Amino acid sequence: MAKIELNRNPFIENALKSRYPQLAVFIVMLVGYIFAILAGLIGTPVGSHNFSIVFVWIAWWAVLILVAVPFFGRGWCAVCPIPLPGEWLQRGAMLAPPNKRPKWLNLRVPKMFRNIWLQNISFLLLALFSSVLLTTPNITSIVLAAMLFAAIGLSTIFERRAFCRYLCPVGGFIGLYSQTAPIELRIRDKQACVKCEGKPCYNGSEVGYGCPWDVFPGGLTKNTYCGLCMECIRTCPHDNIAVNLRPFSADLAKPTTRMDEAFKSFIMLGSAMIYAGVLLGPWGMLKDAAYNVGSNSWFVYAGVFLAIIFGVLPGLFSLGIYQRQNNIAFKQRFASLSTALIPLGMMFWVAFSLSFVLTNASYILTALSDPLGLGWNLFSTANTAWQPMLTSILAPAQTLALVGGLIWSARTAQKAANESWTSSMPVIVYCFLLTSVMLWLLL
Amino acid sequence: MKRAELLSRLIVTVAVVGVVGTPLYLWSRTPIIHARMAENGGWTPDVIQAEAGKPLHLKLTSDDVMHGFAVGQMDMEAVSVEPGKVTDITLNFEKPGIYTFYCTRWCGLNHWRMRGTIEVSGSNTDLKPASPPLYVSLNLDIDAPHDATVVPNGQPSVSNGQSLAMDNSISLSHEEYLASSPFEVFDGLKNSSLTEEERWDIVAYLWQSNTTPDALANGKQLYAQNCAACHGENGAGDGVFADDLAATGEASMQTMSGAENMMMQTPVDFTDSARMLGATPALLQGKILRGGMGTGMPMWGSIFTEGQIWDLIAYLYSFQFEYPK
């Protein structure tokens, strides 16, 4: 399938070039985000009736994992409100182009942190506390506020969006899975970039800012670190930036060679499986252990969690792909072949999310009318009874997602294996085993 | 500064101030009574001010599990207080005074500690001094041992007792019933030619004749709602909280003098014939009114009306006598 340049359409092109539509969405998102923080702090502590829990962990999560990431890649990052206050502070403006020297430190992020290990750690930190985080409104508020202030703080110290690029716990996996999405931002003509003086898409100009994601669009080959902020469309003097509709998983044809990205795959795979067991499984002891943060059983749970992610899953994978004689270094093969786990992991999350989103979606109506649990009934839906939705299609949909993910991963494994001059069979068997476990956990 | 930039800043500022200020304002103007399990704070606030003759509108919500709300000694249906939902209720107090509101659901081991007060002010001059309860008038030591020394072998038969009482012209006035234990009446018949079994049958009949089916039904309902959690559905002291009460007895601050007193944490067994047949209704009234003084048995004087207590006591004897419950 050929790529379709969406911004050839004048309406789309104008909508992306203008700052106003994006600003309007940003303001709505920021208002929603701040309200979620406030609701968690002053609203009912009953999670299922508090806006912060219902709209963040049910509504937003459903949109993110079932729609935004699979179909729009980093589409969420394009409208995420978290970096806004920091970015506005950093620029000293909301709309006005940069015409003065930076007001803040504007440091470059140290090289040792220019990877996604910090994002891996921040995600794991949240994951280990997830049972409490997902059910306790004030904890959710504290985490949301902490992310907002961390983004502001980092914007005053470092250049560009340091929080989004290197620390955001969500941004890491969105970037990983955005490689599968049928949307990309790329240049049209490489030569135009080569000849372009000053590289305003990266360095900024009088019409716009340099890439907030610290990416030179001319070198983009995959979606992972492009936040779709559309700034380069505004700054490119050669009209050389295209937003393309493309086949799914196009980026996976170019396997990664980075260990931080490889481990991100294992973290996401393992977390989805552990969540399925803890949050959806019938094991009360496991739920108690995950919920009672700080107790002995929680430390055991955390230890097992980390052991599965950093030991069992990569260990079994390594055993499968280990070969004494291969021209390509083991580390490189490990990273490259782990690319095959990206579609599998994403579909694990889709299958897992389908279950709890459909089970809890009716709370959205309740929280919409009474977001703080104060007895309001703004849209006459406050008394909607809890009712699991689409239960008859849940199991088939989950099975379809998991089996589809397995097939997708098998195809990706074949391509990655060809690049590594090795067999794809161990990776396919590995994916098959994990899919079987996930099917058992969910069905 | 360009107009667009200025306008953007203005819109964002207004939006942020609005999204913080509006909910905060509305929140501060919506007083809600929060219910939490006693271990987590019980009712907040637990003291409410009201005025006699003026309706009191309350909004109630639960922050954890399902609770219930009722005001003691008031003719009202208990309302459910659900997690995350707000229940509206309007109360009318005719007389000033201090009323007790309480949780009506078995929400946890310390459920009975979930109480608060409504201080109703007013200048009602119809107030009459309360007369002392019967157990006080009778000067009963309700903590003294009172076990019956003789108990029936089986459950006495009311129907047999009725015919025996008729034949022997035996009756018991209501005042005598309130002040006598079943054993005392049984003992009072010792000079008759009746067998022990027949005497117990007569006692059973006399106790039944001092109550009504309605009173028993009311007592049964009150027992199920308020007592069965600890004392058990069948009165055997084996309610759902009984084991937990015993387990926590050792750590309880209420138990000051060692393991022996800790036994008091075990809910009373109403099927224990010696204990129940040796207790007068007045003595049971005292125990219910005052509570167990550190044993975990709450005081119900501020919750139940006098009539409710007598109905409840009539029902408690049904664990001994074979009359309709």
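The model is predicted: local features need pLDDT of at least 70, side-chain atom pairs count only at pLDDT 80 or more, and totals for chains, interfaces and linings use all residues. Residues are numbered from 1 along each chain as its sequence is written, and chains are lettered from A in the order in which they are written.

**Nonpolar cores**

- A nonpolar core is a set of buried Ala, Val, Leu, Ile, Met, Phe, Trp, Tyr and Cys residues joined through C-beta atoms within 7 Å.
- A residue is buried if 20 or more other C-beta atoms lie within 10 Å of its own, exposed if 12 or fewer, and partly exposed in between, with C-beta atoms placed from the backbone.
- The largest nonpolar core has 117 residues, and those touching the most other members are Leu269(A), Ala272(A), Phe348(A), Ala351(A), Val427(A) and Met438(A).
- Helix H18 (residues 341–360) of chain A gives the largest share of this core, 12 residues.
- Helices (H or I, at least four residues) and strands (E, at least two) are DSSP runs, numbered from the N terminus.
- This core lies between domain 1 (1–253) and domain 2 (255–442) of chain A, because both give residues to it.
- Domain bounds come from an automatic or database domain assignment.
- Leaving aside neighbours within four places in sequence, Met438(A) is in contact with Met273(A), Ala276(A), Phe348(A), Ala351(A) and Leu402(A).
- Two residues are in contact if their C-beta atoms, placed from the backbone, lie within 7 Å.

**Contact between the chains**

- Chain A gives 20 residues to the contact and chain B gives 24.
- The side of chain A that touches chain B has 15 nonpolar, 5 polar and no charged residues.
- Ala, Val, Leu, Ile, Met, Phe, Trp, Tyr, Cys and Pro count as nonpolar, Asp, Glu, Lys and Arg as charged, and the others, Gly among them, as polar.

**Domains of chain B**

- Chain B is divided into domain 1 (36–121) and domain 2 (134–317).
- The C-alpha centres of these two domains lie 29 Å apart.
- Their contact takes 9 residues from domain 1 of chain B and 10 residues from domain 2 of chain B.

**Strand E5 of chain B**

- Strand E5 (residues 67–71) of chain B is largely enclosed by the rest of the structure, because 4 of its 5 residues are buried.
- E5(B) runs antiparallel to strand E6 (residues 79–81) of chain B, with 3 bridges joining them.
- Two strands pair if DSSP finds at least two bridges between them.
- Phe69(B) has Val79(B) as its bridge partner in E6(B).
- E5(B) is also joined by 2 bridges to strand E8 (residues 97–102) of chain B, and these run antiparallel.
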